[in-house]
Amino acid sequence: MSDQLANQIAFFQQQLPATTKLIAVSKTHSVEKIRAAYEVGVRDFAENRLQEALAKQKELADLKDICWHFIGHLQKNKAKKAIAHFDWIHTIDSLALAKKLNNYAATMAVVPKCCLQVKPLPDPNKFGWDFEQLQQDLSGLAACNHLKIQGLMTILPLGLTSNEILAAFTSVQKLKEQLNENSAFPFALSELSMGMSGDYELAVQAGSTMIRVGSAIFGQRSYA
Ligand SMILES: *Cc1c(COP(=O)(O)O)cnc(C)c1O
């Protein structure tokens, strides 16, 4: 198992441009698998559930240089814990959540690295901003000066063709550039968190800087 895992990780590392980071999505997978990935050089791991992540982090406390990424929907009542235990929050999906995180960050005297979750296509099953809604919240976000908003994150709807996927990722990349040119938006966005096992190649083509890969590294997830 761990040979196969090492091969998969090597496969990813070799084909990624230097500007794209591999984030290993370890949700539902064991700490043994995380250690195996760590041993072959992975330092960035992502989890989507706070409880599960905190239990794993405890068991992996000896691996001091892991960078933990939170990629799940974050409930406001868990915002404080998320800031305390993660280096990155990829999934700020509302102004209300941003304000909550900002308030906690201020009292904790930290400046967490974050991405705004956006939806380039309508998708009632996902959290995040439509591009137009985001424009309306820009001034509210601009006031969140205890957050280091560094990028945009997206998860695409299922069932798109390759052309549609590439177009959707490219529109997120364009939105990032547009925000960087907007003087009402004080953050400099350098990151694009986009691409998963099934669509990372197209995400990389569109300029992704962080691909979030789970099953292609760790195998199928079982939610038993
Ligand atoms: C589970 C998950 C991934 C990884 O998905 P795979 O298809 O297994 O690579 C990426 N991003 C988010 C937000 C996820 O929840």
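How many nonpolar, polar and charged residues are there in the lining of the largest pocket?

Modeller: Quick note before we dig in: this is a predicted model, where local features need pLDDT of at least 70, side-chain atom pairs count only at pLDDT 80 or more, and totals for chains, interfaces and linings use all residues. Residues are numbered from 1 along each chain as its sequence is written, and side-chain values use heavy atoms, with hydrogens and water left out.

Now your question: the lining of the largest pocket has 13 nonpolar residues, 10 polar ones and 7 charged ones. (Ala, Val, Leu, Ile, Met, Phe, Trp, Tyr, Cys and Pro count as nonpolar; Asp, Glu, Lys and Arg as charged; the others, Gly among them, as polar.) The volume of this pocket comes to about 820 Å³. A pocket here is an open set of points on a 1 Å grid over the protein atoms alone, where a 1.4 Å probe fits, with protein on both sides within 12 Å along at least five of seven lines; lining residues have an atom within 4 Å of a point.

Next comes the second largest pocket, which holds about 200 Å³ of space. Its lining divides into 6 nonpolar, 2 polar and 2 charged residues. Among them are Leu 54, Lys 58, Trp 68, His 85 and Asp 87. Two helices, H3 (50-59) and H4 (79-85), each supply at least two residues of that lining, and H3 gives the most, with 4 residues. (Helices are DSSP runs of H or I, at least four residues, numbered from the N terminus.)

Phe 12 and Tyr 200 make a tilted pair, 4.8 Å centre to centre with 55° between the planes. Phe 12 is in helix H1 (residues 2-15) and Tyr 200 in helix H8 (residues 200-205), so this pair ties together parts 188 residues apart in sequence.

Key: Phe/Tyr/Trp six-rings, centres within 6.5 Å; stacked < 30°, edge-to-face > 60°. Points joined across faces, edges and corners; volume = space filled by probe spheres on them.
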